[in-house]
Each structure stands twice: as C-alpha cells, then as structure tokens.
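Please consider the sequence and model shown below.

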Amino acid sequence: DADLTVAVVREGYRVLYEENAVAQTEAPARLAPFMRQRLRWSLGMLQVGWKHKRAVREGRAIGLFSLNDLAVFGYIFPLLAPLADLFFFYLLYDLLLTQWTGVPRVSSDPPAYLFIGYLALPLMDLLITFVSLCMDRRASLWLLLLFPFQRLFFRQLLYFTVFRALLRALTGKLAKWQKADRAGFIAITKAR
C-alpha cells in the first residue's frame with residue numbers, strides 16, 4: 001500500500017483521505033508474530049524509501065517531505081533514541097550517586113536542564129496523544145492509560161525492529177511473507 005501510494009503520487013495523481021473509511025484487522029495476539037509483522041512493515045517501508053529515492057529530486061511533497069520524514073522519524077531517530085535513553089539513565093545514576101555520596105562524578109552541578117529537556121519529550125508525546133484522541137470522535141480517552149506501557153515497552157520493541165530491518169537490508173536477507181496466525185476475532189468499534 002505504501003509503494004502504491006508513492007507511485008501514484010509520483011505519476012501526478014492525488015491520494016485523498018477518507019475520514020469515514022473503516023478498516024477491520026486482526027492484530028497478532030502473541031509477541032513473536034507481532035515482531036515478524038513489524039519487521040516486515042519496517043523493512044517494507046525501507047524498501048519503499050529506497051525504491052522511490054529519486055522522488056526527493058522531483059520536487060513533489062511526497063519526496064521532499066514524506067520520504068524525508070520516513071528516513072528521519074522511521075529510522076534515524078529510532079537508531080538514536082536508545083542512545084538518548086542510555087545517556088539519560090547515566091545522568092540519573094550520576095545524580096543519585098552525587099546525592100548519596102555528596103561527590104559529583106560528572107560535573108560540579110547536576111545537569112538538571114538535561115532532565116527537564118529529556119522529560120519534555122514524553123510530555124509532548126502525551127500531549128500529542130491527548131489532542132489526537134480528542135480529535136478522533138471514535139477514540140476513548142481511556143487509551144491514555146496505555147501511554148506508560150507504550151513509552152517503556154512498545155517503543156523499545158519498535159526500535160529493535162528498526163535495527164533488525166536495517167541489518168537485514170545491509171546483509172541482503174530480506175523478509176518473506178509468512179502466513180499470519182489467526183485467532184478468528186476482530187474488535188469492531190461503533191462510531192459515536
């Protein structure tokens with residue numbers, strides 16, 4: 001679907017968004033099939049970006065914005081995010097050790113502005129999630145309760161998937177379509 005969308009736009013056609021469209025899907029119920037699905041998706045998006053890399057020079061929004069957005073937010077940031085997390089935990093460790101022993105390890109002043117800056121990212125994520133849920137008439141604000149799980153667990157799985165996809169792309173071991181495990185249930189939500 002991503003490849004078709006980019007190809008259609010590059011041919012000069014428009015792709016429109018239909019707000020009232022409803023899609024039903026069955027998400028993987030276990031972690032292993034979920035990770036295989038996300039690997040296919042991540043690798044597939046990487047392949048779409050590579051296949052349509054010339055679209056950046058064509059001057060259309062699909063190349064100037066969408067493909068660059070895919071590269072930055074789909075691959076570069078997920079590669080850097082674990083390093084930022086490690087740096088944050090190192091600073092937290094240093095701050096706690098300084099408070100406990102009274103002897104600073106990194107600097108004479110704990111870098112409080114780094115903590116504030118780092119904590120601003122999840123707060124912005126939470127705000128964006130809140131606004132998105134408010135804009136979607138069918139969504140429930142109760143989904144905000146999943147935010148800690150998303151931030152601490154789900155994002156790490158996606159980062160791992162990006163690493164795997166890039167490693168596979170570099171080694172030439174591409175993902176294959178596999179039969180999805182189906183449990184036979186689909187959650188159907190009614191519009192309000």
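The description begins with the interior and then turns to the surface and to the contacts between side chains.

The structure is a predicted model. In soluble globular proteins, nonpolar side chains tend to be buried together. Here the largest nonpolar core comprises 11 residues, namely Ala2, Val6, Val9, Val48, Ala55, Ile62, Leu67, Leu70, Tyr75, Val162 and Leu166. At least two residues of this core come from each of α1 (2–10), α3 and α5. Helix α3 provides the largest share, with 4 residues. Another core, of 5 residues, lies apart from it and includes Phe88, Leu91, Leu95 and Tyr118.

Phe73, Ile76, Phe77, Leu79, Leu80, Leu83, Leu86 and Phe163 together make a nonpolar surface patch of about 780 Å². The main contributor to this patch is helix α3 (residues 61–101), with 7 residues. Phenylalanine 163, a further member of the patch, is located in helix α5 (residues 147–171). Its relative accessible area is 37%, so phenylalanine 163 is classed as partly exposed.

Which residues does leucine 126 contact once its neighbours within four places in sequence are left aside? They are Leu144 and Phe147. Leucine 126 and phenylalanine 147 are separated by 21 residues in sequence, while their C-alpha atoms are 7.2 Å apart in space.

Aromatic side chains form 3 pairs in the structure. In one of them, phenylalanine 34 and phenylalanine 154 adopt a tilted arrangement, with 5.7 Å from centre to centre and 45 degrees between the planes. Because phenylalanine 34 lies in helix α2 (residues 31–51) and phenylalanine 154 in helix α5, this pair ties together parts that are 120 residues apart in sequence. Phenylalanine 34 is buried, at 13% relative accessible area, whereas phenylalanine 154 is partly exposed, at 23%. A further tilted pair is formed by phenylalanine 149 and phenylalanine 153, whose ring centres are 5.2 Å apart and whose planes are 40 degrees apart. Both of these residues lie in helix α5, with a separation of 4 residues, or about one turn of the helix. Phenylalanine 149 has a relative accessible area of 46% and is partly exposed; phenylalanine 153, at 39%, is partly exposed as well.

Charged side chains supply another set of links, and the whole structure contains 7 salt bridges. Among them, aspartate 3 and lysine 51 meet at an N to O distance of 2.9 Å. Aspartate 3 is in helix α1 and lysine 51 in helix α2, so that distant parts of the chain, 48 residues apart, are linked by this pair. Aspartate 3 is partly exposed, with 26% relative accessibility, while lysine 51 is exposed, at 51%.

Another salt bridge connects loops. Glutamate 19 pairs with arginine 137, their closest N and O atoms being 2.7 Å apart. Since glutamate 19 occupies the loop between α1 and α2, and arginine 137 the loop between α4 and α5, the pair ties together parts 118 residues apart in sequence. Glutamate 19 is partly exposed, at 38% relative accessible area, and arginine 137 is exposed, at 56%.

Is arginine 151, a charged residue, buried or exposed? Arginine 151 is buried, since its relative accessible area is 17% and the limit for a buried residue is under 20%. Its salt bridge is with aspartate 125, and the closest N and O atoms are 2.3 Å apart. The pair joins arginine 151 in helix α5 to aspartate 125 in helix α4, across 26 residues of sequence. Aspartate 125 is partly exposed, at 23% relative accessible area. Finally, Arg10, Glu58 and Arg60 are connected in a network of salt bridges.

Conventions:
Residues numbered from 1 in each chain as written. Predicted model: local features only at pLDDT ≥ 70, side-chain atom pairs only at ≥ 80, totals over all residues. Heavy atoms only, no water. Patch = residues over 30% accessible without salt bridge, like charges linked within 9 Å, V, L, I, M, F, W, Y side chains within 5 Å. Areas by Shrake-Rupley, 256 points an atom, 1.4 Å probe, with all protein chains shown as cover. Salt bridge = Lys/Arg side-chain N within 4 Å of Asp/Glu carboxyl O. Buried < 20%, exposed > 50% of the residue type's maximum accessible area, 1.4 Å probe, protein only. Core = buried A, V, L, I, M, F, W, Y, C linked by side-chain atoms within 4.5 Å. Contact = heavy atoms within 4.5 Å. Phe/Tyr/Trp six-rings, centres within 6.5 Å; stacked < 30°, edge-to-face > 60°.
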